[in-house]
Amino acid sequence: MLDIQDVTIAVETDKESRILASNLNLTLSNGKVQVIVGKSGVGKSSLLRSIVRLHPVHSGTILYNDKPVENYEITELRTRIAYLPQHPVMIPGTVNNNLLLPFTFRKVKKNGTKTPDLARLLEEADLGHISLDMQAEQLSGGEAQRIALLRALMTEPELLLLDEPTAGLDPASTSTIVEYVKKWLPKGSRAALWIVHDRDTLEKIGSGPVRLTANGFLQDTKLERVE
């Protein structure tokens with residue numbers, strides 16, 4: 001599904017490009033969750049953003065279903081690949097407004113994605129206590145992150161990019177998000193790329209990690225610690 005081939009990640013300054021990581025090669029197949037760990041500032045978030053063309057790669061190729069990501073229409077790419085940042089973005093308005101946001105986009109309408117039963121989705125995400133009429137600004141951090149996850153999955157993406165979505169959350173909220181993704185994964189041709197910052201979350205996911213370093217990915221399932 002996803003092939004990262006000899007990719008170099010950099011940040012651009014006024015004077016030059018500063019390389020964060022190079023020689024990145026990774027393949028992600030259907031039905032798999034690949035966990036990425038690594039030190040802050042090495043380019044983990046930038047890599048995920050590059051997959052959905054929010055950050056340009058310095059060099060190399062990212063293929064989605066054997067096609068370079070830059071060859072996709074941007075709205076199609078971001079419908080098929082859902083990116084969930086560490087800090088959930090909530091628009092002003094109600095929980096209902098936030099959940100239905102994707103269905104205001106032309107591409108989602110064109111694909112004919114049906115609006116799901118929102119109350120049922122809230123129950124499945126252990127959010128049955130929340131009213132659809134509740135203002136989004138009143139949500140806790142864990143509630144907002146679960147709402148953002150539900151919203152991302154409602155467009156029926158094939159690939160889910162998770163950028164430390166459980167950072168700062170309590171163990172119960174973390175477990176709920178992990179279990180929800182696990183249940184989502186087997187339903188069709190789906191996969192997930194997940195950045196993790198702590199060992200407890202890593203153990204809940206139950207998938208061997210790769211470490212992103214400045215010189216590429218280090219394959220090691222016996223990591224002593226997670227940054």
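**Figure 1. Ala 82 has Leu 160 of strand S7 as its bridge partner.** Strand S6 and strand S7 (residues 159-163) run parallel and share four bridges. Two strands count as paired when DSSP finds at least two bridges between them. Strands (E, at least two residues) and helices (H or I, at least four) are DSSP runs numbered from the N terminus. This is a predicted model: local features need pLDDT of at least 70, side-chain atom pairs count only at pLDDT 80 or more, and totals for chains, interfaces and linings use all residues. Residues are numbered from 1 along each chain as its sequence is written, and side-chain values use heavy atoms, with hydrogens and water left out.

**Figure 2. Six strands form an open sheet with mixed pairing.** The order is S6-S7-S8-S3-S9-S10. S6 (81-84) and S10 (216-219) are the edge strands; each has a single partner strand, so one side of each lacks a neighbour in the sheet. From one strand to the next, the twist averages 20°.

**Figure 3. Helix H6 (residues 141-153) packs on the sheet.** H6 touches S6 and S7, and its direction makes about 170° with that of S6. Contact means heavy atoms within 4.5 Å. Angles run from 0 to 180 degrees between N-to-C directions; axes are lines fitted to C-alpha atoms, for helices over the stretch in contact. Helix H7 (residues 171-184) also packs on the sheet, touching S7 and strand S8 (191-195), at about 155° to the direction of S8.

**Figure 4. Thr 176 lies in helix H7.** Its relative accessibility is 16%. A polar atom of the Thr 176 side chain lies 3.0 Å from the backbone oxygen of Ala 172. Leaving out residues up to four places away in sequence, Thr 176 touches Ala 125, Asp 126 and Arg 146.

Terms used:
Buried < 20%, exposed > 50% of the residue type's maximum accessible area, 1.4 Å probe, protein only. Polar contact = N/O pair within 3.5 Å; in protein donor to acceptor, adjacent residues only side chain to side chain.
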